[in-house]
Amino acid sequence: MQAVRKGRGAASNQSGRYERAQAEAFDDGWGTAAAEPAPLRTTVTEEAPRRIISRNDSPDIGFDRSINPYRGCEHGCIYCYARPTHAWLGLSPGLDFESRLYAKPTAPALLEKELARPGYRCTVLAIGTNTDAYQPIEKRYGIMRAILEVLARCRHPVSITTKSALVLRDRDLLADMAAENLAHVTMSVTTLDGRLARSMEPRASAPGRRLEAVAGLRDAGVPVSVNFAPIVPALNDHEMEAVLEAAAGAGAGGAGYTLLRLPLEIADLFREWLEAHAPDRAARVLSRVRDMRGGPLYRSAFHVRMKGEGAWAEMVSQRFAIACRRLGLARGYGRLDDTRFRPPGAQLHLEL
């Protein structure tokens with residue numbers, strides 16, 4: 001069993017799938033593999049992409065464009081479906097993903113340039129769909145804040161997903177945008193158990209702080225939803241109703257959920273995490289995951305990858321629907337206004 005590294009989600013740093021050589025930890029019999037490893041320092045590399053808006057045509061995702069101000073995420077969520085993207089950089093989806101980060105300081109300028117293109121068509125821009133824009137290094141770089149300033153000037157609608165209370169820093173911008181139906185925030189809340197959160201999402205905001213952020217956004221007039229995600233069978237699924245009740249109590253107006261996804265390298269990383277943090281439940285968790293995926297640990301088919309299939313997945317869906325009706329929570333969030341868009345540099349027309 002891999003030794004647990006304090007403050008990190010992954011237990012190992014196995015090579016990515018594109019590497020010719022594979023590195024694995026090896027116990028040499030001297031007890032070094034079981035010893036507590038030294039703290040791992042976070043490093044940040046600045047990069048200069050040519051474009052900043054990413055596009056997708058996935059039929060089961062409710063947006064077609066997004067922005068990622070950072071690559072990798074220091075939150076270290078062990079279940080994060082973005083981990084495999086670090087393999088494209090020749091790095092490990094394990095510890096590298098949460099400690100070797102990349103920042104894009106030119107993102108605001110690139111965004112302004114792309115919004116000014118003659119053929120640009122305005123629709124909701126999603127942020128936080130891959131890595132969290134409000135992860136700890138945002139305090140130093142402020143890229144997300146600058147992006148919001150561009151979107152606010154252009155009256156461009158934005159939907160933000162985060163699990164960080166740092167989003168409250170930008171409540172002034174978000175409140176002004178929300179007053180014109182241009183902004184929505186979704187706060188991810190995986191558990192109310194602080195101990196579980198610390199091991200599963202080691203550097204994300206504590207559950208209580210996330211709920212405080214929901215209340216703070218609500219008080220500022222920003223519409224906010226809560227995403228109970230991911231649901232891990234035999235680990236946090238029993239908390240669904242409690243999380244939704246807490247969300248409604250904090251002022252959330254809507255809710256959503258997704259089931260645990262274990263594509264590519266995440267399956268091994270999550271298995272290691274279970275063996276280190278929940279060995280008594282590991283076999284049961286993985287067995288239930290296979291049940292809701294039709295046998296394997298993961299199926300990537302559209303329309304079932306988020307919600308699963310089978311009796312257990314159907315039961316989760318019914319429980320969620322019943323709880324939302326009882327608590328008055330909408331499914332997702334309403335449509336944002338994409339008719340107010342004003343391209344950068346556009347002249348104002350005064351009405352006489």
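Modeller: Before we start, a cavity here is a set of grid points where a 1.4 Å probe fits but cannot get out, and its lining residues have an atom within 4 Å of a point. The model is predicted.

Biologist: Fine. Which residues line the largest cavity?

Modeller: The lining consists of V4, R5, R8, G9, A10, A11, W273, A276 and H277.

Biologist: How do they divide into nonpolar, polar and charged?

Modeller: Five are nonpolar, two are polar and two are charged.

Biologist: And what volume does the largest cavity have?

Modeller: About 30 Å³. The count of cavities of 30 Å³ or more comes to one.

Biologist: Switching to helix 8. Which of its residues are buried?

Modeller: Helix 8 covers residues 240-250, and in it M240, V243, L244, A247 and A250 are buried. Seen down the helix axis, these buried residues fall within an arc of 125 degrees, so they line one face of helix 8.

Biologist: What covers the buried residues there?

Modeller: The cover includes helix 7, strand 9 (224-231), strand 10 (254-259) and helix 11 (311-327).

Biologist: What follows helix 8?

Modeller: G251 does, and its phi is positive, near 115 degrees.

Biologist: How far is G251 from G216, C-alpha to C-alpha?

Modeller: The two C-alpha atoms are separated by 8.9 Å, while the residues are 35 apart along the chain.

Biologist: Where is G216 placed?

Modeller: G216 is in helix 7, which spans residues 207-219. That helix is among the elements covering the buried residues of helix 8.

Biologist: Is G216 buried or exposed?

Modeller: Buried, because its relative accessibility is 10% and the cut-off for buried is under 20%.

Biologist: What does G216 touch, leaving out residues up to four places away in sequence?

Modeller: On that count, G216 touches L168 and R171.

Biologist: Next topic, D337. Where is it?

Modeller: D337 is in the segment after strand 11, and that strand is 330-331.

Biologist: Which side chain does D337 have a polar contact with?

Modeller: The side chain of T339, in a polar contact of 2.5 Å.

Biologist: And which residues does D337 touch, again not counting those up to four places away in sequence?

Modeller: P157, E180, N181 and L182.

Methods
Residues numbered from 1 in each chain as written. Predicted model: local features only at pLDDT ≥ 70, side-chain atom pairs only at ≥ 80, totals over all residues. Heavy atoms only, no water. Helix = DSSP H or I, 4+ residues; strand = E, 2+ residues; numbered from the N terminus. Buried < 20%, exposed > 50% of the residue type's maximum accessible area, 1.4 Å probe, protein only. Contact = heavy atoms within 4.5 Å. Polar contact = N/O pair within 3.5 Å; in protein donor to acceptor, adjacent residues only side chain to side chain. 1 Å grid on protein atoms, 1.4 Å probe; cavity = no way out; pocket = protein on both sides within 12 Å on 5 of 7 lines; lining within 4 Å. Points joined across faces, edges and corners; volume = space filled by probe spheres on them. Nonpolar A, V, L, I, M, F, W, Y, C, P; charged D, E, K, R; others polar. Arc of directions from axis to C-beta.
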